[in-house]
Amino acid sequence: MSIRIPARLSLSLSLAALLAAPAHAWVPRLEDTTAKNVIDGAYGRRDPVPTYLITSLKVRDGQFEAGAGAVTAFDGGPACVTDWLAAPQDHARGSRPVTLTASGQADQLFFQAQDARDNFRNLSVKEALSEESASRRLPDGQLRLDLAVQGLPSEKARAAYLVRLKGADGKLVAPVKSTYVNDFREEGGTWSGTLVYYFEPLKAGLGASDTVSLLLRTEADTSCAYAIPVNLGQFS
């Protein structure tokens with residue numbers, strides 16, 4: 001991996017409570033201190049702030065690179081994971097996720113600051129948090145999850161993926177939006193690329209430093225569904 005309140009609170013109250021969150025906790029809404037730290041990191045004035053979390057779901061020597069517990073069976077039984085580990089490149093059994101990246105507003109600000117620096121400009125906190133810059137950020141409260149997959153039988157099959165977050169009350173929460181990165185390519189008869197999902201964890205009763213469960217089913221016509229933990233306390 002790389003370097004990212006109680007249920008039934010409204011989004012506004014949850015965001016207010018965020019101000020007391022740990023130093024490394026997903027940031028649903030940027031504020032002055034986090035913005036300054038991210039900008040200063042992009043300009044080399046301090047060590048970069050961890051603004052994303054990558055979980056490698058690649059298999060090496062029969063184990064997930066992210067370690068034990070990186071993927072567990074949510075449905076279909078332990079054989080679903082065992083079969084994945086035994087034959088990760090056997091796409092006759094369905095495509096396989098290879099990386100999961102979690103990010104939020106802080107990561108988008110980092111790229112905004114890098115762009116300003118590359119264009120010989122200084123980005124201030126005031127400018128970064130202005131209404132004019134809002135269009136460059138995720139809406140408040142949204143978490144972005146990028147899922148890179150390999151082995152799809154067709155480009156169209158990417159729409160067959162099903163993903164959910166497991167809410168604090170156990171209910172399954174659908175993404176508020178989904179899309180794709182323009183990186184889908186066909187090679188050797190299968191397709192690979194990146195699926196993108198946007199969630200609102202606070203509305204599901206999840207905290208900004210919780211470990212949440214991403215649940216997914218691939219396009220394969222099987223009972224297998226998987227759970228992948230995402231630690232929101234490992235990035236900002």
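Visitor: For accessibility, buried means under 20% relative accessible area, exposed over 50% and partly exposed in between, using a 1.4 Å probe and protein chains only. Is Asp61 buried or exposed?

Guide: Asp61 has a relative accessible area of 77%, so it is exposed. This is a predicted model, in which local features need pLDDT of at least 70 and side-chain atom pairs count only at pLDDT 80 or more, while totals for chains, interfaces and linings use all residues. Residues are numbered from 1 along each chain as its sequence is written, and side-chain values use heavy atoms, with hydrogens and water left out.

Visitor: Where is Asp61 found?

Guide: In the loop between E2 and E3. Such labels follow DSSP runs numbered from the N terminus: helices are H or I with at least four residues, strands are E with at least two.

Visitor: What is the phi of Asp61?

Guide: Near 55°, which is positive in a residue other than glycine. Phe120 is another non-glycine residue with a positive phi, of about 60°.

Visitor: Where does Phe120 lie, and is Phe120 exposed or buried?

Guide: Phe120 lies in the loop between H4 and helix H5 (125-128). Its relative accessibility is 82%, so it counts as exposed.

Visitor: On to the inside. How many residues has the largest nonpolar core?

Guide: 39. A core here is a set of buried Ala, Val, Leu, Ile, Met, Phe, Trp, Tyr and Cys residues joined through side-chain atoms within 4.5 Å. Val71, Leu145, Leu147, Tyr161 and Tyr226 have the most contacts inside the largest one.

Visitor: Which elements each supply at least two residues of this core?

Guide: Helix H3 (79-86), plus strands E5 (96-103), E6 (143-152), E7 (162-166), E11 (190-199), E12 (211-217) and E13 (225-231). E6 provides the largest share, five residues.

Visitor: Which residues are buried in H3?

Guide: Cys80, Val81, Trp84 and Leu85. Down the axis of H3 these buried residues fall within an arc of 130°, so they line one face of the helix. The arc is taken from the directions from the helix axis to the C-beta atoms. An α-helix has 3.6 residues a turn, so residues three or four places apart point the same way.

Visitor: What covers the buried residues of H3?

Guide: The cover includes strands E2 (59-60), E3 (63-64) and E4 (72-75), along with E5 and E13.

Visitor: And Leu100, where is Leu100 found?

Guide: Leu100 is in strand E5 and is buried, at a relative accessible area of 2%. Leaving out residues up to four places away in sequence, Leu100 touches Leu53, Ile54, Thr55, Leu145, Asp146, Leu147, Leu214, Ile228 and Val230. Its C-alpha is 9.4 Å from that of Thr194, a residue 94 places off along the chain.

Visitor: New topic. Which residues line the second largest pocket?

Guide: Thr51, Tyr52, Thr101, Ser103, Gly104, Asp107, Gln108, Phe110, Phe111, Leu138, Arg144 and Asp146. A pocket is an open set of points on a 1 Å grid over the protein atoms alone, where a 1.4 Å probe fits, with protein on both sides within 12 Å along at least five of seven lines; lining residues have an atom within 4 Å of a point.

Visitor: Which element gives the most to that lining?

Guide: H4 does, with four residues. E5, helix H4 (105-118) and E6 are the elements giving two or more.

Visitor: Where is the place of Tyr52?

Guide: In strand E1 (residues 52-56). Tyr52 is partly exposed, at 31% relative accessibility. Tyr52 and Leu232 are 180 residues apart along the chain, with 9.2 Å between their C-alpha atoms.

Visitor: Last one: is Tyr43 buried or exposed?

Guide: Tyr43 counts as buried, at 13% relative accessibility, and is found in the loop between helix H2 (32-42) and E1. Aside from neighbours within four places in sequence, Tyr43 contacts Ala113, Ala116, Arg117, Arg121, Asn122 and Leu123. Tyr43 and Gln114 are 71 residues apart in sequence and 7.1 Å apart in space, C-alpha to C-alpha.

Conventions:
Contact means heavy atoms within 4.5 Å.
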